Amino acid sequence: LTVDRPWQMRFLEIMPMEGVGQVFDEAMVTSEQTKARIEERFGPLIPIAANPGDPAVVWKIAGSQGEIGFISPVTAPFCATCNRVRLAADGKLRLCLLREDELDLRDVMRSGADDQTLERLVLGGIWRKPWGRGIAEGDVHTVRGMSQIGG
């Protein structure tokens, strides 16, 4: 799709989230495996300059219009540079996709909190954002799946 179109295709390693635990345990395909298969077909990929804060490592097929990005949270974690949080539809601010720690903003907002209170809560949550996702320590198979946290 990137040869003839100026699109960026991204490949994301499967994460140990609810509903995909068995796939993660038994059949995970790494970014390196995917990259190798693409290179078998199209030749060596050309690296693209990194975009600060972007979790993807981006490459290009020689002569193509588009780009290919690999997001490797399992085999090449980017926790130390992660600047992302996710607000789920249930009002929970998820500080890390692979950690259970969440900040409940819905109930605080429904109780009439003002903007300054919400700002303090969000900033406090950001400060306690974890520096690692726990897979290496065996912390896998989170309780919520991607569709439950906005993915």
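Predicted model: local features only at pLDDT ≥ 70, side-chain atom pairs only at ≥ 80, totals over all residues.
Where is Ala88 found? Residues are numbered from 1 along each chain as its sequence is written, and side-chain values use heavy atoms, with hydrogens and water left out.

Ala88 is found in the loop between strand 5 (86-87) and strand 6 (92-94); strands (E, at least two residues) are DSSP runs numbered from the N terminus. With a relative accessible area of 6%, Ala88 is buried, a term for residues under 20% relative accessible area (1.4 Å probe, protein chains only). From Ala88 to Glu102 there are 14 residues in sequence and 9.8 Å in space, C-alpha to C-alpha.

Strand 4 (residues 67-71) pairs with strand 3 in the antiparallel sense over 3 bridges; two strands pair if DSSP finds at least two bridges between them. Here Trp59 stands opposite Ile68, and Val58 has Gly69 as its bridge partner. The hairpin of strand 3 and strand 4 has 5 residues between the strands, and Gly63 takes a positive phi near 80° in this hairpin.

Strand 4 also runs parallel to strand 1 (residues 8-12), joined to it by 5 bridges, with Phe70 as the bridge partner of Phe11. Strand 4 is mostly covered, as 4 of its 5 residues are buried.

Strand 3 (residues 57-61) is in turn joined by 3 bridges to strand 2 (residues 45-47), and these two run antiparallel. Ile46 has Lys60 of strand 3 as its bridge partner.

Notes: Buried < 20%, exposed > 50% of the residue type's maximum accessible area, 1.4 Å probe, protein only.
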